[in-house]
Amino acid sequence: MSTMTINDVEKLQNAINAAGLDYDVELENGSISIMGPSDIVSSEIGILFSRLLANWVYPRRLGRVFDSAGGFILPDSNLTAPDVSFVRAARLRQSPRYFGELVPDLVVEIKSQSDRIKILEKKVLNFINLGAVVGILIDPDEETVTVYHDQTEPVVFKNNDILTISELLPGWEVPISELWPPIFTEEEIEG
């Protein structure tokens, strides 16, 4: 079997898009992975996290926030797209009309219903090993947010905790409970 390249990924992604399918393609160690749509809880968590992050980042001109469609070519020649990512302004003054050819400063992976936590943890740790400053793994099933840094043990945040990432986003604080999709009361629905 031959080793796949970024060029092969682009061709396959174009064919998938032309067919009107909603799949994203990643490249890992010369093998292509096709990623289908995630469940809607994971999707909603992704948009909630992205909104909270972008609302802090853009007014302060700290950098750029990307969703799960934003692909990055990493130093190990893999092409991947974290569920949410952030790159400091000094490292990406202008977004290219191509994949980002760098490791994001912050990567966030959100466990979908069909994901295995160990695989996502490995993906986050690979980003850290390649130079990401912070990696976050969100597990909606356990309602936990695990934060990874280089050379330190991961820290697990739960519902009563406040997430901070002072090394990248001084002053940004997010109550973990704000990351979970709301449950609407009968009064809210009728009101």
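S50 touches V65 and V84, leaving out residues up to four places away in sequence. The model described here is predicted. S50 belongs to helix α2, which spans residues 40-60.

- The cut-off for buried is under 20%.
- The side chain of S50 reaches the backbone oxygen of G46. The distance is 2.8 Å.

**Aromatic pairs**

- A search of the whole structure finds three aromatic pairs.
- F49 and W172 form an edge-to-face pair, because their ring planes stand at 80° and the edge-to-face class covers angles over 60 degrees. Their ring centres are 5.8 Å apart.
- This pair links distant parts of the chain, with F49 and W172 lying 123 residues apart. F49 is in helix α2. W172 sits in the loop between β11 (162-164) and β12 (173-175).
- F49 and W172 are both buried.
- F66 and F72 also make an edge-to-face aromatic pair. The centre-to-centre distance is 5.6 Å, and the angle between the planes is 80°.
- F72 has a relative accessibility of 2%, so this residue counts as buried.

**A charge over a ring**

- R60 lies over the face of W56. The distance from the ring centre is 3.3 Å.

**The largest nonpolar core**

- In soluble globular proteins, nonpolar side chains tend to be buried together.
- The largest nonpolar core here has 27 residues. The members that touch the most other members are F49, L53, I136, I138, L163 and W172.
- Each of α2, β6 (84-88), β7 (106-110), β8 (134-139) and β9 (144-149) supplies at least two residues of this core.
- I136 is in contact with F49, L163 and I165, among others, leaving aside neighbours within four places in sequence. The contacts of I136 also include L106, V107, V108 and E109. V124, V145, T146 and V147 are in contact with I136 too.

**A second core**

- A separate, second core has 15 residues. Its members include F72, L74, V124 and A132.

Methods: Residues are numbered from 1 along each chain as its sequence is written. This is a predicted model: local features need pLDDT of at least 70, side-chain atom pairs count only at pLDDT 80 or more; totals for chains, interfaces and linings use all residues. Side-chain values use heavy atoms; hydrogens and water are left out. Helices (H or I, at least four residues) and strands (E, at least two) are DSSP runs, numbered from the N terminus. A polar contact is a pair of N or O atoms within 3.5 Å; within protein, one must be able to donate a hydrogen and the other to accept it, and residues adjacent in sequence count only if both atoms are side-chain atoms. Contact means heavy atoms within 4.5 Å. Rings of Phe, Tyr and Trp (its six-membered ring) pair if their centres lie within 6.5 Å; planes under 30 degrees apart count as stacked, over 60 as edge-to-face and the rest as tilted. Buried means under 20% relative accessible area, exposed over 50%, partly exposed in between (1.4 Å probe, protein chains only). A charge sits over a ring if NZ of Lys or CZ of Arg is within 6 Å of the ring centre and within 35 degrees of the ring normal. A nonpolar core is a set of buried Ala, Val, Leu, Ile, Met, Phe, Trp, Tyr and Cys residues joined through side-chain atoms within 4.5 Å.
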